[in-house]
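Please examine the sequence and model shown here.

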Amino acid sequence: MIVCEGEKTEPAYFKQLKHTFRNRLVHVDIEEGAGVPMSVVARAMELRDLARAEDKAQRDENLLHDQVWCVFDRDEHPRFEEACARAEQEDLRVALSNPCFELWPLLHLEAQTERLHRHDLQRKVTKLLKLANPKSLPLEKFHHGYQDAVDRARELRKTAACTERPRGNPTTNVDELTEQIREGGQP
């Protein structure tokens with residue numbers, strides 16, 4: 001189960017990715033109060049608890065989710081660290097991008113080691129991918145660089161871990177989620 005902060009970009013990306021990796025077990029949910037990580041965590045907890053209740057009522061473990069992921073950006077959200085801590089307490093996984101989700105597709109195309117404001121990063125991705133709609137990320141335009149993105153994301157986290165800001169700008173662990181989707185797919 002993937003619960004996304006964004007209304008268009010992230011859900012569309014993960015829906016395309018689950019199709020590309022042929023993983024029918026992935027379910028993407030859009031948090032209608034999109035915009036704040038705490039609402040994403042609350043929605044993920046709610047959906048997880050509903051699945052547990054359904055499992056108990058129907059005695060069907062197939063209704064449970066192996067993993068529940070919260071996908072959100074650092075942006076300038078309030079209570080960001082609190083949302084990360086709450087997700088950890090609730091055994092929810094977090095796929096986080098700092099400053100924003102568009103860092104992930106950018107890493108498919110090139111390395112990004114310098115701090116960028118989210119608007120500058122979004123403009124950069126829009127220009128590189130020649131997008132008419134900046135909220136649309138057609139997978140076919142950048143997925144060829146998937147392994148490069150995984151490697152670059154890992155390197156960013158490794159570098160950030162040596163600082164006082166392990167989730168600093170730029171970092172992402174979206175690759176941890178995408179690798180779970182890839183590994184669960186059909187050959």
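R79 is partly exposed, with a relative accessible area of 48%; the class "partly exposed" lies between buried (under 20% relative accessible area) and exposed (over 50%), as computed with a 1.4 Å probe on protein chains only. The side chain of R79 meets that of E82 in a salt bridge, with 3.0 Å from N to O; such a bridge requires a side-chain nitrogen of Lys or Arg within 4 Å of a carboxyl oxygen of Asp or Glu. The structure is a predicted model, in which local features need pLDDT of at least 70 and side-chain atom pairs count only at pLDDT 80 or more, while totals for chains, interfaces and linings use all residues. Residues are numbered from 1 along each chain as its sequence is written, and side-chain values use heavy atoms, with hydrogens and water left out.

**Salt bridges**

- Side chains of opposite charge can pair when their charged atoms come close.
- E82, the partner of R79, counts as partly exposed at 39% relative accessibility.
- E176 and R93 also meet through their side chains in a salt bridge, at 4.0 Å from N to O. Because E176 belongs to helix α7 and R93 to strand β4 (residues 93-98), this pair ties together parts that are 83 residues apart in sequence. Helices (H or I, at least four residues) and strands (E, at least two) are DSSP runs, numbered from the N terminus.
- Both partners count as partly exposed: E176 has 29% relative accessibility, and R93 has 35%.
- A network is formed by R48, D49, R52, R86 and E90, which are joined by salt bridges that share partners.
- E46 forms a salt bridge with R43, in which the closest N and O atoms are 3.2 Å apart. The two residues lie in helix α2 (residues 37-58) and are three residues apart, about one turn of the helix.
- The accessible area of E46 is 40% in relative terms, which makes this residue partly exposed; R43, at 22%, also counts as partly exposed.

**Nonpolar cores**

- The largest nonpolar core has 32 residues, of which I2, Y13, F14, W104, L177 and I181 touch the most other members. A nonpolar core is a set of buried Ala, Val, Leu, Ile, Met, Phe, Trp, Tyr and Cys residues joined through side-chain atoms within 4.5 Å.
- At least two residues of this core come from each of β1 (2-4), α1 (9-20), β3 (69-73), α4 (103-109), α5 (118-128), α6 (146-161) and α7 (174-183). Helix α6 gives the most, with five residues.
- Which residues does F14 touch, not counting residues up to four places away in sequence? The contacts (heavy atoms within 4.5 Å) are with I2, C4, V28, V71, F101, V174, L177, T178 and I181.
- Another core, of 18 residues, lies apart from the largest one and includes V41, M45, L47 and C70.

**Cysteines**

- How many disulfides does a search of the whole structure find? The result is zero, where a disulfide is a pair of cysteine sulfur atoms within 2.5 Å.
- C84 is in no disulfide, and the nearest cysteine sulfur, that of C70, is 9.2 Å away. C84 counts as buried, at 6% relative accessibility.
- The closest cysteine sulfur to that of C162 is in C84, at 20 Å, which is too far for a bond. C162 is exposed, with a relative accessible area of 71%.

**Backbone geometry**

- The peptide bond from N98 to P99 is cis, with omega near 20°. P99 is placed in the loop between β4 and α4.
- N169 and P170 are likewise joined by a cis peptide bond, for which omega is about 0°. P170 has its place in the loop between α6 and β5 (171-172).
- R79 has a phi near 60°, a positive value in a residue other than glycine. R79 is situated in the loop between β3 and α3 (80-89).
- D91, also a residue other than glycine, has a positive phi near 60°. D91 is found in the loop between α3 and β4 and is exposed, with a relative accessible area of 68%.
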